[in-house]
Every structure is written in C-alpha cells, then in structure tokens.
Amino acid sequence: RMRSYFISMASIFVAAVSLLTCQSNTASRDAIDQRVDELLAKMTLEEKIGQMNQYNGFWDVTGPAPNEEQARKKYDHFKQGLVGSVLNVRGTAHVRKLQELVVKESRLGIPLIFGQDVIHGQETITPIPLAEAASWDLAAIEKSAQVAAAEAAAIGLNWTFAPMIDISRDPRWGRVMEGAGEDPYLGAKVAVARVKGFQGNDLSAPNTIAACAKHFAGYGFSEAGRDYNAVDIGAYTLHNVVLPPFKAAVDADVKTVMNSFNVLNGVPATGNKYLQRDILKDRWKFNGLIVSDWASIFEMIPHGHARDLKQAAELAIHAGNDMDMESYAYVQHLKSLVEEGKVSEEQVNDAVRRILRLKFELGLFDDPYRYCDSVREKSVLMQPDHLTAALDVARKSIVLLKNDRGFLPLNKAQKNIAVIGALAADKNSPLGNWRAGADENSAVSVLEGLQKYTLAIRYAKGADVVVGKPEFIRETAVNETDSSGFREAVALARQSDVVIMVLGEDGFLSGEGRSRTNLNLPGVQERLLKAVHGVNKNIILVLMNGRPLTINWANANIPAIVEAWQLGTRSGDAIAQVLFGDYNPSGKLPMTFPKSVGQIPLYYNHFNTGRPDPTGLVFWSHYIDETNEPLYPFGYGLSYSEFTYSDLKIDTTDRQAINVSCTVTNTGRVAGEEVAQLYIRDRVSSLVRPVKELKGFRKFSLEPGASQNVQFVLTDAELGFYDADGQWLVEPGEFDVMIGTSSVKGLVGRFSR
Ligand code: BGC
C-alpha cells in the first residue's frame with residue numbers, strides 16, 4: 001500500500017511539474033507575443049517588410065553573386081533596417097560587425113538572424129545525412145545535430161537550413177545524400193531526432209540554434225531525378241509519403257520551414273497556398289516562419305506562374321511565404337502591393353510576428369551578440385567530444401553489403417595489404433558536398449585510418465575519380481579516360497595477399513545540382529576493379545558515395561563490400577575499425593540500391609499490380625531484360641554476427657493496441673548490434689496500401705548466444721493512412737505483419753482488427 005501511495009504521490013508530483021512547465025512555457029510564449037506586438041506597433045511598413053527580407057553575405061554560394069551596385073544597395077539596406085536575416089556570414093568577428101551595424105545604426109535596432117547550411121556539421125563534420133539514416137540510431141543522429149548546433153552557435157550562427165527531410169525514390173537525384181532516404185516512417189523519426197538535436201530544449205541557450213525543415217514540398221520527386229525539375233505526384237502520395245516527416249518536424253516544434261524550387265502539380269511550391277497556408281499553417285497550426293528557397297520567389301517567373309517579380313511577391317505572400325531569400329522581391333515590391341490593396345497589412349504583420357517571435361526565442365533581443373563570443377568560438381570547434389561523437393555515428397552509418405565466407409573482418413596481424421583507389425587517400429571527399437566551415441582536406445583518409453592498425457600496407461592510386469580540383473559551385477568532370485595508373489595498381493595487387501579498393505564518388509559528385517543518368521562507379525573505376533580482380537580475387541571493396549550505386553559486377557564478383565558513404569571528419573578511423581573488426585557493422589540501407597537505372601523509381605513500399613507474379617506467359621508486370629528485384633533492398637545490412645528470429649507472437653486482446661513480438665538471438669560468434677524492423681501490409685483497403693510499410697524498429701546489441709525479446713505495439717497511428725484530402729482514415733480489416741532483419745526477410749503473421 002505504501003508503495004502505491006508513493007507511486008501515486010510521485011505521479012501527482014510529476015503531473016504538477018509538467019503542468020507548471022507547461023504553464024511557464026505558455027506564460028513565456030504569451031510574454032514573447034506581447035513583446036512582439038509592442039515592437040510591431042512601432043514599426044513602419046518598410047521596416048516590417050525589411051524583416052521579411054533575407055540577404056546572402058557578400059559572396060556567392062548557391063546562386064549568382066550580386067554585382068557591385070547590388071552589394072552597395074544591400075549594405076545601405078542593413079543600415080535602414082530593411083534586412084531581417086542574412087545567410088553565409090559566419091565567424092564571431094564578421095557576425096558581430098554586421099549585427100552592430102544593424103543594431104546601432106538602424107532606427108529600431110532589431111537584431112539579425114544569421115543562417116547557414118549546417119547540414120552535417122560545422123567544422124567537425126559528421127556523416128552525410130543519408131549515411132546517418134543508415135545507422136537507424138536516433139540517439140546518435142540527435143547527438144550529431146547537437147554537435148553541429150554547438151559549433152554553429154559558437155561561430156555566431158543561430159539558424160541552420162536543416163534538416164532536409166525530402167523523401168526520395170530516385171538515386172539519380174544528387175540531393176538524396178542530404179535526406180534520410182525513401183521511407184516516410186524512418187524519415188519522420190530521423191527528422192525529429194535532428195530537430196531536437198539542433199534546437200535542444202532552450203533555443204536561447206548558447207549551444208542551440210533554430211532548425212529548418214526543408215524543402216516543402218515534394219522536391220525529392222523531381223521528374224527523372226533532374227534537380228529543380230517539376231514534380232507531379234498524386235495527392236495520396238503527397239499525404240502518405242512526402243508530408244509525414246514534415247508533420248513530425250512541426251509536432252517536434254521545428255521553428256522554421258523552407259519551401260522548395262519545384263513546381264508541385266502545376267503550382268510552384270513557393271507560391272503554393274494549399275501547401276503553406278492550408279496545410280502547414282492552418283491544418284498543422286505551424287506558428288514558425290516559412291523562408292523561401294534561394295531566389296525561389298523570382299523563379300516563379302521562369303516557371304511561368306508569375307508575370308514579373310512584383311506578381312511573384314504577391315503570389316508568395318498570399319501563399320504563406322514569410323521570408324524572401326535572395327529574390328529581392330519583398331523588399332522591392334511588397335510596399336506598393338500593400339498600398340495598392342493587393343496585399344493586406346495584416347498579412348505582412350502575420351509574417352513579421354513569426355520572424356520577431358523567433359528572434360525573441362533565440363534571445364537576440366536580450367543580447368544581440370550572444371552568439372559572438374570569440375573565446376568560446378575557439379574552444380568549441382572540433383572539441384574532443386565532438387570528434388568522438390563524429391566517430392561514433394560514422395561507425396554506425398557503415399553498411400556491410402556482402403561478406404562471403406567471413407572474409408571480413410581482417411586479422412589484425414594481416415600482412416601484405418594493398419590499398420588501391422584515389423578515394424583511399426582522399427581527405428576531402430569524405431566531407432561530402434555540404435561541409436559548412438570545415439577545412440579542406442580535414443578528414444581522416446582510409447589510408448590514414450588503416451595505418452593506425454598496421455604498416456604492412458602499400459598504396460597505389462590506380463586512377464583518379466575526377467579531373468582537376470572539384471569545387472562546390474562548379475561542374476565536376478569525371479575521369480573517363482586516364483588509366484595510366486592501372487599498371488602500377490595491378491602490379492601491386494599481384495604481389496599482395498589482400499586488396500582493399502576504395503572506389504565510388506568524389507564528394508562533389510552528389511549534392512545540389514548533381515544529378516546523374518547512370519549510377520555506375522564513375523569513370524574508369526569499374527575497369528580498374530576488373531583489372532585488379534584479374535590478378536587478385538581477395539578484394540574488399542569499400543564504397544564512398546552519396547547515393548545508391550548499381551554495382552552489379554562487384555556484387556557478383558567481389559567477396560566483401562562495405563558501404564562507407566561520406567562519413568565526415570573521422571571517416572578513415574571508422575572504416576578501419578570496421579575492416580579490422582573493432583566495430584561490428586550495424587547499418588541498414590535507408591534507400592534501395594537498384595540493379596539498373598531503368599528500374600527507377602524502385603522502392604520497397606510500392607503498390608502491388610494486378611499481375612505481380614510470373615504466369616508462364618509474357619503478360620505480367622516485369623521487364624524482359626532485368627528482374628524486378630533490387631540489388632540490395634531497403635533495410636538490408638549484414639553484421640559479423642548472425643541474428644536468428646523466432647517465436648513471432650501477435651496478441652490482439654486489446655484491439656486498440658495490438659502487441660507483436662518475437663525473439664532475436666545472436667547465433668554468431670561475436671557481439672553485435674541488430675536493427676529489428678516491423679512491417680505491415682493492410683490487405684484490403686478503400687485506397688490500396690503498399691505491399692509493405694515500415695511501422696517500427698528497434699536497435700539493440702547482443703552478446704553471442706544471447707537473446708532479446710522485441711516488442712511492438714500497433715495502434716491506429718500505425719495502421720491508418722491518409723486519404724487524398726489528407727484526412728486520416730482507420731479501416732477495420734486484415735493485416736500482414738513481418739518482423740525481420742530487412743524489408744525482405746523476416747517472420748510473417750496475420751491478424752484482423
Ligand atoms: C538550397 C537550399 C539551401 C539554400 C541556401 C538552395 O540552393 O536548395 O537547401 O538552404 O540554397 O544555401
């Protein structure tokens with residue numbers, strides 16, 4: 001009795017504390033709203049519009065650079081209070097200088113917000129987001145975002161344009177490196193982890209920054225995988241696939257959202273009222289701010305949606321776009337649009353309130369220089385525990401794709417190792433495409449990582465991946481011809497016992513503006529692989545890449561394949577630890593690897609056809625020259641351990657909370673981590689459902705011989721779906737359920753509810 005007394009006292013206490021926290025949150029929100037309104041009342045229309053204007057620093061990043069005259073004009077705008085935020089100005093000294101200009105010289109001294117693309121780290125670079133998603137380790141992902149936020153805040157920033165949470169089924173699209181892959185369930189979980197990591201619990205703390213869920217919406221479905229291309233998807237896919245990660249981010253209190261470059265079903269996302277006002281602001285009650293993408297208001301002109309910049313500004317604000325990134329549309333035209341009665345001042349006020357609220361929440365009105373501590377700046381960057389976190393998440397992101405006859409891990413006493421491939425010595429590519437403030441060549445290369453284990457290594461480049469020095473803003477040329485290094489590499493392989501080949505994409509072959517029409521190992525690399533294989537078959541292929549690749553020949557011929565993406569600052573250390581068995585790989589693919597580009601879009605949660613199976617005749621859904629199956633499916637990844645699934649149980653006693661469980665046993669010889677995945681299929685539904693949908697996963701480690709009971713609870717939230725109007729439906733019926741080690745292998749059962 002005493003125990004239950006204490007338990008109930010404790011729960012009353014917890015309830016009281018959470019009520020108080022909730023009340024104090026509401027109180028501070030009310031206090032902020034009041035301060036926002038007081039300030040708004042003092043502002044002229046021009047000053048309000050100024051808050052909605054965001055400029056790039058005076059250099060060029062993802063768009064054309066302003067000419068000198070524009071730069072001068074921009075400078076004056078800061079003094080006149082006509083700028084609310086800047087991007088790409090960083091470093092406490094620069095930030096302080098610009099902040100001072102605005103705070104001291106503009107009439108109301110409203111501080112600027114400083115934003116930048118801090119996508120996977122500021123100076124300490126963690127793996128590209130697609131790789132991190134492969135860890136399925138939400139705590140590690142959150143930690144990685146925390147490290148990025150701490151470093152970004154230390155150099156004066158308070159806003160990152162991340163996480164990018166666009167679901168994509170098209171690896172031709174270069175920006176798949178920046179998202180969490182093809183699945184809305186995993187995508188939503190990763191989105192929340194990253195938002196929490198960036199924003200923490202207190203936005204005004206010196207180590208947190210505002211996050212930005214982007215790109216709203218549909219950008220990952222760009223036709224033919226060509227960046228910036230139009231998107232034409234059904235409402236059903238929009239609501240069930242594209243929007244769930246955004247909804248999850250909004251529920252996790254993401255402070256900002258960026259719209260996108262693409263046209264969605266005929267209307268550019270930036271001018272899309274249905275997306276921004278109806279869904280995001282009205283239906284989801286998002287009260288943060290929406291920023292345009294770079295010049296995306298202007299781009300409604302070439303899209304053929306706006307006749308000129310003035311009309312583009314009008315369409316954008318009506319649609320709900322609050323801040324203009326680098327289109328100069330609001331600053332030039334909003335005032336006359338208000339004067340002409342085409343835009344109401346209340347619409348402007350609403351946008352400005354959202355912007356000012358964020359500035360209050362960031363603590364900028366209490367101290368505009370709170371992110372400008374030059375002493376802290378030095379001590380925070382590349383701190384030892386940041387480097388440790390970067391290594392931890394890098395190891396967890398690696399996916400073991402193939403390991404014939406336990407070829408890996410290598411014995412630490414292994415002698416006579418050849419390392420081949422330009423990427424093995426590359427200290428730049430592992431930093432990926434978005435490397436924020438990282439120094440060039442600051443990653444640990446694979447070669448350096450391996451050398452920490454053994455000096456019994458000889459290296460030959462074999463061939464360059466690219467020609468010349470790749471850059472963020474320019475086209476990267478692939479080496480299609482130069483094979484002059486083959487001879488040396490082949491000779492080395494011939495004399496060696498084991499060959500580690502590091503092949504794949506340069507860090508600047510994926511990312512924005514970097515779509516590909518084929519997904520082979522770029523350039524001459526596959527020829528190099530074959531040449532080496534001709535003299536030595538003991539090859540471990542380490543892949544570095546920003547997207548799924550069609551490595552069919554390698555899969556058929558190479559005994560061990562390790563997917564190492566672009567893993568950031570500690571890349572080489574993480575890879576070496578996996579190759580020598582100090583870390584047992586645990587990653588699972590967040591995106592399907594196709595066998596051929598012709599299969600794209602190829603993704604696990606597709607619909608069935610009416611003719612899914614071979615009939616002996618030609619009339620079934622297939623290709624004549626390739627199977628329907630992927631090379632490696634979603635959720636796939638091996639370990640040095642073996643995991644056996646048994647004892648599936650489904651308990652439907654509580655129809656609102658169906659329990660599904662099984663036992664996972666490590667039947668291998670070493671300790672390892674497994675990601676148990678739960679998939680469902682709604683067998684009959686008013687709107688057909690995919691053949692499989694991920695609805696739960698657990699990552700855990702097991703000693704050899706040990707077992708773990710894995711439990712999942714299925715409620716309406718897992719079993720329902722959105723109709724084409726975005727309304728949530730839950731229908732009774734029969735469901736297949738599978739718990740397993742990937743999207744294609746597991747224990748299957750069925751239940752009705
Ligand atoms: C990208 C955005 C990015 C912005 C600012 C655009 O080109 O699409 O994701 O945040 O540039 O750099």
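**Entry 1, ground rules.** I am working with a predicted model, in which local features need pLDDT of at least 70 and side-chain atom pairs count only at pLDDT 80 or more, while totals for chains, interfaces and linings use all residues. Residues are numbered from 1 along each chain as its sequence is written, and side-chain values use heavy atoms, with hydrogens and water left out.

I found 13 residues around the ligand, the closest being D117, R175, K214, H215 and D293, where a residue counts if one of its heavy atoms lies within 4 Å. I then looked up polar contacts, meaning pairs of N or O atoms within 3.5 Å. An N or O atom in the side chain of D293 is 2.6 Å from a ligand oxygen, for H215 the corresponding distance is 2.7 Å, and for a polar side-chain atom of E512 it is 2.8 Å. The protein covers 100% of the 310 Å² of accessible area that the ligand has on its own, as given by the Shrake-Rupley method with a 1.4 Å probe. By class, I noted six nonpolar, two polar and five charged residues in the shell.

I turned to α6 (residues 138–154) and α7 (residues 184–199), whose axes come within 7 Å and cross at roughly 35°, with angles running from 0 to 180 degrees between N-to-C directions; helices here are DSSP runs (H or I) of at least four residues. Their contact (heavy atoms within 4.5 Å) includes L138 and I141 of α6 and V190 and F198 of α7.

Terms used
A polar contact is a pair of N or O atoms within 3.5 Å; within protein, one must be able to donate a hydrogen and the other to accept it, and residues adjacent in sequence count only if both atoms are side-chain atoms. Ala, Val, Leu, Ile, Met, Phe, Trp, Tyr, Cys and Pro count as nonpolar, Asp, Glu, Lys and Arg as charged, and the others, Gly among them, as polar. Helices (H or I, at least four residues) and strands (E, at least two) are DSSP runs, numbered from the N terminus.
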